Amino acid sequence: MLQYFDPNKDYGTPASLSEKLVTLEIDGVEVTVPEGTSVMRAAALADINIPKLCASDNLEAFGSCRLCAVQIENRRGLPASCTTPAEAGMKVWTQNEKLAKLRRNIMELYISDHPLDCLTCPANGNCELQDMAGAVGLREVRYGFDGENHLDAEKDHSNPYFSFDPSKCIVCSRCVRACEEVQGTFALTIDGRGFDSKVSPGQNQDFMDSECVSCGACVQACPTSTLMEKSVIDMGQPEHSVVTTCAYCGVGCAFKAEMKGDQVVRMVPYKGGDANHGHSCVKGRFAFGYATHKDRLQTPMIRDAITDPWREVSWEEAIAFAARRLTEVQGKYGRESIGGITSSRCTNEETYLVQKLVRAAFGNNNTDTCARVCHSPTGYGLKTTLGESAGTQTFDSVMQSDVIVVIGANPTDAHPVFGSLMRKRLRQGAELIVIDPRRIDLLKTPHLKDAQHLPLRPGTNVAIINALAHVIVTEGLEDKDFIANRCDDKAYQAWRTFIQEERHAPENVEAITGVPAEKVRRAARTYAQAPNGAIYYGLGVTEHSQGSSMVMGIANLAMATGNIGREGVGVNPLRGQNNVQGSCDMGSFPHELPGYQHVADDAARARFEDVWGVKLDDEPGLRIPNMFDSAIAGTFKALYVQGEDIAQSDPNTQHVEAALKSLECLIVQDIFLNETAKFAHVLLPGSTFLEKNGTFTNAERRINRVRKVMPPVAGKEDWEVTQDLANALGYPMNYGHPSEIMDEIARLTPTFTGVSYDRLDQLGSIQWPCNEQYPEGMPTMHVEDFPIGRGQFAITEYVATEERTNSRFPLLLTTGRILSQYNVGAQTRRTDNQVWHDEDVLEVHPSDAELRGIQDGDWLGVSSRSGQTVLRARISDRMLPGVVYTTFHHPGSGANVITTDSSDWATNCPEYKVTAVQVEKVSQPSEWQRQFQTFEKLQHQLLRGEKAESGAS
Amino acid sequence: MSNQLDTLIHMANQIAANNSHYGSEAEATARVHSHLTKFWARSMKQQIIDYLQNDGSELSPLARDAISQLQIRPLQERG
């Protein structure tokens with residue numbers, strides 16, 4: 001049987017998953033393929049390439065171009081090979097005179113209505129129409145070129161990343177089908193009939209005015225240059241490519257960086273990518289221009305005080321300055337007075353090295369990471385209940401789910417490629433349950449069969465998860481065999497007693513959550529009775545005062561219904577940034593060494609001490625919020641921050657700013673002068689994912705390779721900078737390549753012992769654990785047992801948040817993300833993605849707006865117990881009345897000026913999702929915003945080496 | 001009282017409130033104690049122990065019980 005798969009080749013139609021095989025003969029070659037495979041694909045697998053135009057192996061067969069016609073023994077006519085299934089004993093001929101004539105005739109018709117501008121066409125050299133004209137031997141067009149045609153059709157340049165030139169369209173429908181089948185947006189259609197048929201975004205709109213989300217699937221599908229990247233139009237066709245991993249969200253899409261020398265021409269989603277299978281979103285596909293943006297920091301800089309101009313220095317001087325300041329601070333204030341922060345935007349190797357620097361060179365455990373403010377409750381909750389701080393499935397697992405529960409997540413915006421896969425499964429008939437205060441776009445999925453929305457009040461997650469569990473237990477919907485065989489009985493009995501209490505009944509919880517009891521009962525029954533029920537959750541679960549309790553509540557629900565340990569089920573945290581999973585795996589948290597090994601575990605610590613050659617502290621270090629408090633208290637004095645912007649992303653901005661101003665030495669390593677860097681004394685230029693080697697680990701525990709395609713703008717990859725700093729501090733590090741860092745990680749981390757760059761190159765990617773027991777990794781976790789033996793049900797008492805509305809702050813603010821921007825926006829704000837979202841707005845429900853006389857576009861003062869900011873109003877009924885919503889992609893918006901210090905009880909993850917606020921119309925920016933503008937102006941002036949203007953502070 | 005200590009007291013009480021429904025008082029205390037031991041930094045432990053010894057009035061009974069059993073491993077000399 002032919003199993004060879006080349007991700008760079010298009011096999012014409014999708015693979016069949018059938019286990020039954022059929023053998024046929026194509027052009028005299030015997031071919032064995034799974035039943036259901038098309039003749040076209042069977043031929044391609046045997047390296048017999050049938051001409052085609054409307055077929056692509058990421059789309060269902062369509063059979064419109066007829067170019068792929070073949071002759072089959074004992075069959076009438078010349079059937080299309082794309083729509084004809086291979087059958088046992090079939091004899092197929094793909095080339096003969098009759099077929100050649102037919103194909104030439106077809107091509108003649110296409111070319112008679114196509115511009116003959118091949119030499120100046122941007123697709124020249126990479127055009128399927130051109131290739132097919134060559135393949136069929138087209139030599140003349142008997143119809144001439146003077147007939148009615150589409151050559152004057154108007155071009156659409158409205159999208160910033162690609163253009164649409166209908167004069168080159170052959171109406172193969174690949175773009176329309178890609179939009180439907182791959183992306184699931186249904187923004188494109190074929191308008192008109194016969195000769196008038198044309199591709200139309202929306203209802204004859206421009207691309208920008210249509211529902212198009214700029215994922216690029218249509219551009220990739222186009223066999224001509226009808227839909228073409230503007231970067232290719234500008235630069236020409238690329239000459240080589242490198243497979244690497246996207247540096248946006250936790251999906252971890254593989255891309256081919258298509259290059260001209262060291263310039264990226266375009267990023268093309270890689271079909272061999274195990275997480276994305278050739279699909280992409282607007283960020284990964286198009287928003288890479290920040291890498292060459294003029295704002296990139298290109299030279300190390302130092303200064304004594306944050307009011308001083310920056311001084312450009314050599315790497316050596318900057319590193320020596322940083323090391324001297326750190327040593328001085330420790331000498332004056334003690335060993336525990338300094339620390340470091342790793343970033344989920346950096347590679348595994350980089351985060352590993354930063355935490356190693358802190359533990360081994362700084363001599364304490366004051367290391368933390370930005371997962372503190374997003375998924376730290378996932379780490380706590382899943383480790384407590386299931387024994388491992390990670391999601392249980394592959395993304396592909398969702399295609400086996402019958403019921404999909406989405407809690408506090410917005411996949412189509414925050415994890416778009418997985419959102420598309422989810423939509424595909426929903427179109428196939430899976431049921432959807434959304435538990436979220438907002439009506440997320442997934443609920444508007446075209447052809448969605450059934451959907452239940454439980455729009456709960458922010459802050460009441462645990463109450464509703466308990467109510468769902470109560471229904472399952474009291475209505476006898478538990479999976480008793482799973483519980484008996486897989487779960488700890490004592491913990492289960494304690495939980496069962498707790499959850500059966502009448503106070504958890506949906507009817508009694510309704511007053512807390514605002515969700516009608518019958519809706520809760522229906523959702524519980526739907527999930528529990530599904531053959532395969534899967535839960536996906538995001539920051540709407542974790543970023544609460546009970547984030548960890550909610551994660552444990554989700555795990556309870558999955559265990560109670562036996563939805564763990566096979567395809568189609570599971571507990572799946574959707575990680576926000578590209579390497580949240582990896583930065584946690586790599587020991588970024590102050591209490592855990594790499595591989596989630598506690599610092600107080602003598603045996604684990606001894607292994608690290610042996611390899612690192614230094615004694616390690618056995619008490620946990622400070623978490624980020626504790627670092628801030630200690631800085632303000634005067635006991636924490638120096639901080640090394642790699643790739644993270646705590647001044648913008650962390651809550652209660654004014655508190656964070658006060659903490660940063662209290663530091664005697666702040667070292668920031670970043671690609672831009674971010675908000676944190678404005679408080680820094682040392683600036684170390686960072687490198688983008690295009691400029692370095694390493695690995696990212698996505699939300700499905702998949703370790704993907706990041707490959708360098710261009711040199712770092714400032715000359716060093718990030719891991720080299722950390723290494724230099726360690727050496728300057730007297731702690732030797734001598735890695736020659738990130739692969740050596742991974743080798744050390746593998747030696748010290750039981751779940752990584754089988755991971756190496758060679759192995760990653762062989763397998764493409766690896767889902768940890770990867771060790772002797774699982775040499776190729778583990779796609780689905782907990783199939784036979786849990787790492788802690790038996791699953792531990794946890795008692796999840798609902799404890800209401802202290803952040804409550806009152807007459808002064810009568811509304812609840814919740815925050816989130818949108819499709820086009822990423823996290824603090826440092827990358828996407830420096831791309832054309834700005835055209836979709838150039839400012840953060842406050843979404844207000846129509847009834848709340850009416851009460852306050854608010855119109856769309858009004859300036860609104862938003863006040864909380866922490867502070868005030870001003871945002872523009874957008875009237876929206878996506879939230880419940882009483883709830884307002886904003887994003888935090890623009891620093892000047894000050895969204896985090898209003899979020900508070902309230903945090904998760906177990907992990908200190910901030911309660912971004914619940915802030916009591918008042919909203920009123922105003923006419924000018926807030927006091928904080930005015931100060932922000934002044935400070936920003938000053939810092940940019942200082943960056944240019946200029947002294948502060950008189951009066952500036 | 002410093003803001004930092006206020007925060008620590010609040011955190012300890014929050015941990016206690018979220019573990020108070022586990023079976024017996026002894027089990028709840030053990031859970032809170034274990035949490036503080038595993039996740040709190042040395043300086044945080046020291047501050048909350050000092051507070052309990054000097055005052056402790058704003059701590060919940062469960063938090064007090066757990067903190068009273070808390071021990072800190074001293075910072076070792078580096079090898």
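This is a predicted model: local features need pLDDT of at least 70, side-chain atom pairs count only at pLDDT 80 or more; totals for chains, interfaces and linings use all residues.
Start with the layout. Chain A is divided into domain 1 (21-95), domain 2 (118-292), domain 3 (301-373 + 579-698 + 713-750), domain 4 (376-573) and domain 5 (811-942).

Next, domains 4 and 5 of chain A. Their centres, taken over C-alpha atoms, are separated by 29 Å. In the contact, 22 residues of domain 4 of chain A meet 23 residues of domain 5 of chain A. On the domain 4 side, two or more residues each come from helix 10 (376-385), helix 11 (411-414), helix 18 (539-542) and helix 19 (547-560) of chain A. Helix 10 of chain A gives the most, with 3 residues. By type, that side of domain 4 divides into 7 nonpolar, 11 polar and 4 charged residues.

Now helix 16 of chain A, residues 506-513. Which of its residues are buried? They are Pro506(A), Val509(A) and Thr513(A). These three are on the same side of helix 16 of chain A, because they cover an arc of only 65° around the axis. What do the buried residues of helix 16 of chain A pack against? Their partners are helix 13 (461-474) and helix 17 (517-529) of chain A. After helix 16 of chain A comes Gly514(A), with a positive phi near 80°.

On to the sheet. Chain A has an open sheet of 4 strands in the order 2-1-4-3, and the pairing is mixed. Strand 2 (29-34) and strand 3 (71-72) of chain A are at the edges with a single partner strand each, so one side of each has no neighbour in the sheet. Strand 3 of chain A pairs with strand 4 (residues 91-93) of chain A in the antiparallel sense, over 2 bridges. Gln71(A) has Trp93(A), in strand 4 of chain A, as its bridge partner.

Last, the two chains. Here 24 residues of chain B are in contact with 27 residues of chain A. On the chain B side, helix 1 (3-19), helix 2 (25-39) and helix 3 (42-54) of chain B each supply at least two residues. The largest share, 7 residues, comes from helix 1 of chain B. The chain B side divides into 9 nonpolar, 11 polar and 4 charged residues.

How values were computed: Residues are numbered from 1 along each chain as its sequence is written. Chains are lettered from A and ligands numbered from 1 in the order in which they are written. A residue is buried if 20 or more other C-beta atoms lie within 10 Å of its own, exposed if 12 or fewer, and partly exposed in between; C-beta atoms are placed from the backbone. The arc is that of the directions from the helix axis to the C-beta atoms. Two residues are in contact if their C-beta atoms, placed from the backbone, lie within 7 Å. Two strands pair if DSSP finds at least two bridges between them. Ala, Val, Leu, Ile, Met, Phe, Trp, Tyr, Cys and Pro count as nonpolar, Asp, Glu, Lys and Arg as charged, and the others, Gly among them, as polar. Domain bounds come from an automatic or database domain assignment.
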